[in-house]
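Please open the model in a viewer and keep the sequence beside it.

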Amino acid sequence: MVVTTGLVDEIPGIRGVAERWGQDVLHCPYCHGWEVRDRAFGVIASPVKGAYQALLVSQWSDDVTLFLHTVDTLTDEDWRLLAAAGVSVVTGEVASLVVEEDSLTGVRMASGRVFPCEALFVGPRFRPNDGLLGALGAEMSDTPFGPFVTVDETGRTTVPGVWAAGNAVGPGEQVVNAASAGYRAGVTINNEMVFSDLEEKAAVRAAGVFSAVQERAVAERVLGDRAHGLPI
C-alpha cells in the first residue's frame with residue numbers, strides 16, 4: 001500500500017488572509033516571486049523560521065516589510081541580515097488586510113495603523129494528513145515543520161507493506177518530487193511481489209512437490225490433445 005494523502009496548509013487567522021490566499025497572499029517566493037516582483041511586499045514572521053522568508057523575498061523587491069505579528073524576538077543574526085537587506089520591521093499584531101477593488105493595498109495593525117502592501121507572504125503551518133499512518137503505527141521523525149512519517153529512499157515506512165510519498169512524507173515535495181517518489185515506491189512494490197512469488201514457486205520445486213499445475217503441464221507436453229482431464 002502506498003499512502004499519498006498530502007498535507008493541509010494551516011494559515012494565520014488574520015482577517016482577509018484566507019480570502020486572498022493564492023491571489024495576492026502568497027506562500028512561496030519560488031512559485032510566485034517573479035509575478036509580483038518590484039511591488040510593496042509584506043511578510044508575516046514565522047514562529048518557526050523568524051525572518052527567513054522576508055530575507056528570501058528581498059531578492060524580488062527593494063520594498064519589504066516584516067510584520068512580527070505574534071513573534072516576540074528575532075536572533076541577532078536575523079537583525080543583522082534584515083538591516084543588510086533593507087527590510088523594515090513592524091512590531092505588534094496584524095489585525096486585518098486592506099483590500100480595495102479586489103486588490104490588496106495594505107496591512108492594518110491592531111493599533112489601527114495601516115502599512116502599504118501589494119503582496120503579502122505568509123508561511124503556513126504544514127500539517128500532514130497522516131492519521132492512517134499513525135493508526136498503523138508508522139514511526140515519525142521530527143522536522144523543523146513538525147513530525148512527518150519516517151521513510152527510506154524507496155518510500156518504505158516502518159510498517160511492513162506500507163510505503164508513503166508526496167507531502168505525507170515532507171512539506172517540500174512538489175508535484176515532480178511526489179511523482180518520482182510514487183514511481184520509486186511502485187517499482188519497489190512490484191519487484192517485491194514478483195520475486196516473492198518466484199521464491200515461493202522455487203521453494204515448492206525444491207521440496208519436490210508435484211502440484212496439479214505441474215501435472216497438467218507434463219500431461220499436455222507428453223500427450224498433447226490426448227491429455228486427460230476437462231478443458232479449462
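Select Asp-38, Asp-62, Asp-63 and Glu-118: in this predicted model, these residues gather in a patch of negative charge on the surface. Two of its members deserve a separate look. Asp-38 is found in the loop between helix 2 (29-32) and strand 4 (41-44). With a relative accessible area of 65%, Asp-38 is exposed. Glu-118 has its place in the loop between strand 9 (114-116) and strand 10 (119-122), and is partly exposed, with a relative accessible area of 39%.

Remain at Asp-38 and inspect the backbone. Most residues other than glycine have a negative phi. Asp-38, although not a glycine, has a positive phi of about 65°. Next, select His-69, which also is not a glycine and has a positive phi of about 55°. His-69 lies in the loop between strand 5 (64-67) and helix 4 (76-85). Is His-69 buried or exposed? His-69 is buried, its relative accessible area being 15%.

In what order do the 5 strands of the open sheet stand? The order is 3-10-4-5-6, and the pairing is parallel. Strand 3 (25-26) and strand 6 (88-90) stand at the edges with a single partner strand each, so one side of each is left without a neighbour in the sheet.

Proceed to strand 4, which pairs with strand 5 in the parallel sense over 4 bridges. Phe-41 stands opposite Val-64 in strand 5. In a regular strand the side chains alternate between the two faces of the sheet. From strand 4, Phe-41 and Val-43 point one way, while Gly-42 and Ile-44 point the other way. All four of these residues are buried.

A hairpin is the next stop. Select strand 12 (residues 140-143) and strand 13 (residues 146-149), which pair in the antiparallel sense over 4 bridges. The two strands form a hairpin with 2 residues between them. Met-140 stands opposite Val-149 in strand 13.

Turn now to the salt bridges, of which the structure holds 7. Begin with Arg-125 and Glu-10, whose closest N and O atoms are 2.9 Å apart. This pair links distant parts of the chain: Arg-125 is in strand 11 (residues 125-128) and Glu-10 is in strand 2 (residues 7-10), 115 residues apart. Arg-125 is partly exposed at 49% relative accessibility, and Glu-10 is partly exposed at 31%.

Select Arg-80 and Glu-77 next; in this salt bridge the closest N and O atoms are 2.8 Å apart. Because the two residues are 3 residues apart in helix 4, about one helical turn separates them. Arg-80 is exposed, with a relative accessible area of 52%, whereas Glu-77 counts as partly exposed at 39%.

A further salt bridge joins the side chains of Arg-156 and Asp-152, at 3.4 Å from N to O. Arg-156 is partly exposed at 29% relative accessibility, and Asp-152 is partly exposed at 30%.

Key
Residues numbered from 1 in each chain as written. Predicted model: local features only at pLDDT ≥ 70, side-chain atom pairs only at ≥ 80, totals over all residues. Heavy atoms only, no water. Pairing = 2+ DSSP bridges. Buried < 20%, exposed > 50% of the residue type's maximum accessible area, 1.4 Å probe, protein only. Patch = residues over 30% accessible without salt bridge, like charges linked within 9 Å, V, L, I, M, F, W, Y side chains within 5 Å. Areas by Shrake-Rupley, 256 points an atom, 1.4 Å probe, with all protein chains shown as cover. Salt bridge = Lys/Arg side-chain N within 4 Å of Asp/Glu carboxyl O. Lys, Arg positive; Asp, Glu negative; His and termini not counted. Charge placed at Lys NZ, Arg CZ, Asp CG, Glu CD.
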